[in-house]
Amino acid sequence: MQASLDAEVHRRTASAPGRVNLIGDHTDYTGGLALPAALPWRTTVVATPLEARVAVTTSLEGKQYFDEVALSGDASSLPAHLQLAQFLAHSSAAGASLSVTSTVPVGAGLSSSAAYCVAVALALGISGSPWEIARICQAAEAAAGANVGLLDQIAALCGSANNAVLIDFTAETTENVTLPAGTELIIVDSGERRSLANSAYGERRAACEQAEEVIGPLSRASVTDLTALKDLVVQQRARHVISENLRVRQAAIAAKAEDAQSFGLLMNDSHESLSSDFSVSTPGIDALCHRLRSEAGIYGARMTGGGFGGCIIALAEHGAAARLDLNCTMWVVAPSAGASIDSDDMGPTSR
Ligand code: GLA
């Protein structure tokens with residue numbers, strides 16, 4: 001009786017958004033720069049205490065799914081969301097019943113997984129600086145087989161309404177950057193799907209590590225260092241990262257100067273670099289980017305996130321999206337607030 005009463009009373013609700021990266025992809029895991037924005041779509045998690053297990057009820061598109069897993073033990077054969085929940089509950093040393101609802105599009109490269117991890121972590125009471133919380137969520141992803149960087153988690157945690165967020169992954173700092181007035185962000189879903197864990201993401205990371213063994217941290221290297229790299233593929237991968245970090249810096253400056261034109265051109269250059277030097281685009285996504293750039297009022301368009309499918313982000317003049325006829329799912333989005341604890345009855349005084 002007491003237990004169920006407790007479960008009723010001690011509950012915590014937290015939510016976290018998906019993200020779109022405006023520029024700076026495949027720079028996070030070498031301590032570089034990125035400029036994402038949190039999205040208006042959120043994953044909301046209500047946690048209530050439960051003895052030694054994690055129960056997850058997910059409500060998606062009008063359907064409910066229920067799964068349960070022990071707080072520790074082998075979960076590797078279970079679906080990723082359960083592995084993530086188990087890892088995070090184990091880290092917080094608390095069993096929990098988690099009720100999950102989400103409006104973040106799944107599998108579109110808009111970081112539904114980071115939104116889920118961050119919301120679960122906060123709902124479980126995992127606390128600390130955004131970087132500490134992000135690292136626990138990153139470890140959960142790694143345990144579930146996705147060796148990702150910190151971009152998605154920091155964007156979810158540090159997002160800000162009406163601002164993009166300039167992230168420096170070496171200094172571990174964030175700075176709000178307002179986009180030029182009179183612009184809008186358009187996300188176009190290519191419809192192509194590929195999971196990061198099963199993609200060449202790990203290979204790209206390995207190539208960057210190989211480059212760093214020769215020329216040191218890519219976040220500090222310059223294009224003149226590239227000649228020291230004898231493997232031409234490694235050289236291309238490093239060239240992307242070094243040039244992308246420069247572009248992020250220039251994009252932040254362009255945004256502050258209200259220079260949408262320059263910002264857009266940097267986005268286009270970023271895409272070409274991701275496509276030719278980093279080889280993480282697809283012919284379909286390249287074609288969509290070119291098509292978008294030929295439309296009136298589009299300043300720039302690029303793939304966003306890990307690549308191999310997913311979405312395109314475009315910066316456009318206000319009202320441009322309404323004129324587009326692309327035969328793809330498309331959204332106009334405003335940069336939105338980061339993760340939050342929305343209600344908390346689980347504090348030490350009420351325990
Ligand atoms: C995925 C990863 C991030 C980042 C991007 C590419 O979204 O989760 O850590 O590496 O790809 O920028």
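Colleague: What does the accessible surface of the chain come to?
Modeller: This is a predicted model, and the accessible surface of its chain comes to about 14700 Å². Carbon and sulfur atoms account for 52% of that surface.

Colleague: And the charges, how many positive and how many negative?
Modeller: The chain has 23 positive and 37 negative charges.

Colleague: OK, overall build next. How many helices and strands are there?
Modeller: The chain has nine helices and 12 strands. Its radius of gyration is 21 Å, close to the 20 Å that the globule rule gives for 351 residues, so the chain is as compact as a globular protein of that length.

Colleague: What kind of box do the C-alpha atoms fill?
Modeller: Roughly 65 × 50 × 35 Å, if you take it along the principal axes.

Colleague: How much of the chain is buried?
Modeller: Buried residues make up 54% of the 351 residues. As for contacts, take those with a separation of 6 or more: residues 24 or more positions apart account for 71% of them.

Colleague: Let's go strand by strand, then. Is strand 1 mostly covered or mostly open?
Modeller: Mostly covered. Strand 1 spans residues 12-23, and 12 of its 12 residues are buried.

Colleague: Which strands does strand 1 pair with?
Modeller: One is strand 2, residues 33-49, which runs antiparallel to strand 1 over 10 bridges. If you want a spot to look at, Arg12 has Ala47 in strand 2 as its bridge partner. Another is strand 12, residues 340-344, also antiparallel and joined to strand 1 by four bridges. There, Thr13 is partnered with Ser343.

Colleague: Nice. What about strand 9, how many of its residues are buried?
Modeller: Five of the six residues in strand 9 (298-303) are buried. Strand 9 pairs with strand 10, residues 311-317, in the antiparallel sense over five bridges. Met303 has Ile312 in strand 10 as its bridge partner.

Colleague: Switching to helices: why is helix 5 called largely enclosed?
Modeller: Because eight of the eight residues of helix 5 (151-158) are buried, the rest of the structure largely encloses this helix. The buried residues include Leu151, Ile154 and Cys158, and Asp152 and Gln153 are among them too.

Colleague: What do those buried residues pack against?
Modeller: Quite a list! They pack against strand 1 and strand 2, then helix 3 (112-123) and helix 4 (130-143), plus strand 6 (164-168) and strand 7 (173-177).

Colleague: One more spot. Where are Thr57 and Thr58 found?
Modeller: Thr57 is found in strand 3, residues 53-60, and Thr58 is found in strand 3 as well.

Colleague: Is Thr57 buried or exposed?
Modeller: Buried. Its relative accessible area is 19%, and the cut-off for buried is under 20%, so Thr57 falls inside it. Thr58 is buried too, with a relative accessible area of 12%.

Colleague: Which residues does Thr57 touch, leaving aside neighbours within four places in sequence?
Modeller: Thr57 is in contact with Gln64, Tyr65, Phe66, Leu98, Ser99 and Val100.

Colleague: And Thr58, on those terms?
Modeller: Leaving aside neighbours within four places, Thr58 is in contact with Lys63, Gln64, Tyr65, His81 and Val100.

How values were computed:
Residues numbered from 1 in each chain as written. Predicted model: local features only at pLDDT ≥ 70, side-chain atom pairs only at ≥ 80, totals over all residues. Heavy atoms only, no water. Helix = DSSP H or I, 4+ residues; strand = E, 2+ residues; numbered from the N terminus. Rg over C-alpha atoms; globule rule 2.2 N^0.38 Å. Buried < 20%, exposed > 50% of the residue type's maximum accessible area, 1.4 Å probe, protein only. Contact = heavy atoms within 4.5 Å. Areas by Shrake-Rupley, 256 points an atom, 1.4 Å probe, with all protein chains shown as cover. Lys, Arg positive; Asp, Glu negative; His and termini not counted. Charge placed at Lys NZ, Arg CZ, Asp CG, Glu CD. Pairing = 2+ DSSP bridges.
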